[in-house]
Amino acid sequence: MDINKVLKYNFPIISDEYRKFALEKDKCRKCYIHTNYNQVCQSEGNAKNPVFVFVGEAPGSDEIKEMRPFIGAAGQRLRMELRKYKDVFTKENALITNTISCRPQGNVYPGDSDPGVKTCVDSWLNRELTLLKPKIIVLLGGAALSAVRRETGITANRGKWKFLSPGTTNLDENGNVKKYVKVPSFFSHLKAWTLATFHPSYVIRCESEGNTYVGNLFSQDIESVATMYKTLLSDYRYTAKNELFTQDSKYNKYHTPKGGLGNLGLSLTGEQMAQQLGLISGGAQAKFPY
Ligand code: SF4
């Protein structure tokens, strides 16, 4: 498939830097995973300044054929959930990607400590996130949780909002954020809100066995992402409306908002954003000031 057509189709908005990144990734042969199916899968969505990035696990057969992430059964389950919030999740403000970009043999994820996975996370996911600087990262399943937050145990960690901010601390013994999650050094420039939830393929598996509990939690988590977005947006508008930015600009804390979602929170540091929101972790228990 012609990579230029793929880029045109997958990315309604794309920066020159991201185009270079995607062309380079298309040719990647850095690890053994590529040898299975000989095809790199690209991401999809806003490849310049997305508010959201959704990180899955790995492409499957449908994804490799079309060079688009999340278009198989799991993708349909995810997209069904996102369509409930049409005013929030759009191709223009979100990007969908994977922890690794080539399809593993038989769709079996090689594991967090696999050298191929590590190479791909360091080479591509890390670069993609730091290039795009999303405001919110949704971690779909354990692979993404491990790659971005360096945490294991999706069941224990799902539904908890955590803010990635370089060089700051810390979690209490229950895993609640007292201040901020310490970010792995290779994400040292990345600041973003993150929420972990189940991978939609696990949701489908549970639902096919008659277990609706997991699907309900998954729905709650996606709703929580939509709520967070609206909260951040309110915060942004509130800031503009009340001219807090003027008040604080003498301390260099806020810049004059220019309008548009592309600027959402752009001028806020993580710490300031967290202060604005009265950060308390804990997913459904999270308290917001609005
Ligand atoms: S899995 Fe990632 S690092 Fe390995 S060849 Fe594919 S794109 Fe490159």
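Student: By class, how many nonpolar, polar and charged residues does the shell around the ligand have?

Tutor: This is a predicted model, and the shell is sorted here by residue class. Cys counts as nonpolar, and Cys 28, Cys 31, Cys 102 and Cys 120 are among the residues that come nearest to the ligand. By class, the shell has eight nonpolar, five polar and three charged residues.

Student: Is Val 40 buried or exposed?

Tutor: Val 40 sits in the loop between α3 (34-37) and β2 (44-47). A residue is buried if 20 or more other C-beta atoms lie within 10 Å of its own. Val 40 has 23 such atoms within 10 Å, so Val 40 is buried.

Student: What separates the C-alpha atoms of Val 40 and Ser 101?

Tutor: Along the chain, Val 40 and Ser 101 are 61 residues apart. The separation of the two C-alpha atoms is 5.6 Å.

Student: Of the contacts in the protein with a separation of 6 or more, what percentage do residues 24 or more positions apart account for?

Tutor: The protein has 290 residues, of which 44% count as buried. Among contacts with a separation of 6 or more, the share from residues 24 or more positions apart is 71%.

Conventions
Residues numbered from 1 in each chain as written. Predicted model: local features only at pLDDT ≥ 70, side-chain atom pairs only at ≥ 80, totals over all residues. Near = placed C-beta within 6 Å. Buried ≥ 20, exposed ≤ 12 C-beta atoms within 10 Å, placed from the backbone. Contact = placed C-beta atoms within 7 Å. Helix = DSSP H or I, 4+ residues; strand = E, 2+ residues; numbered from the N terminus.
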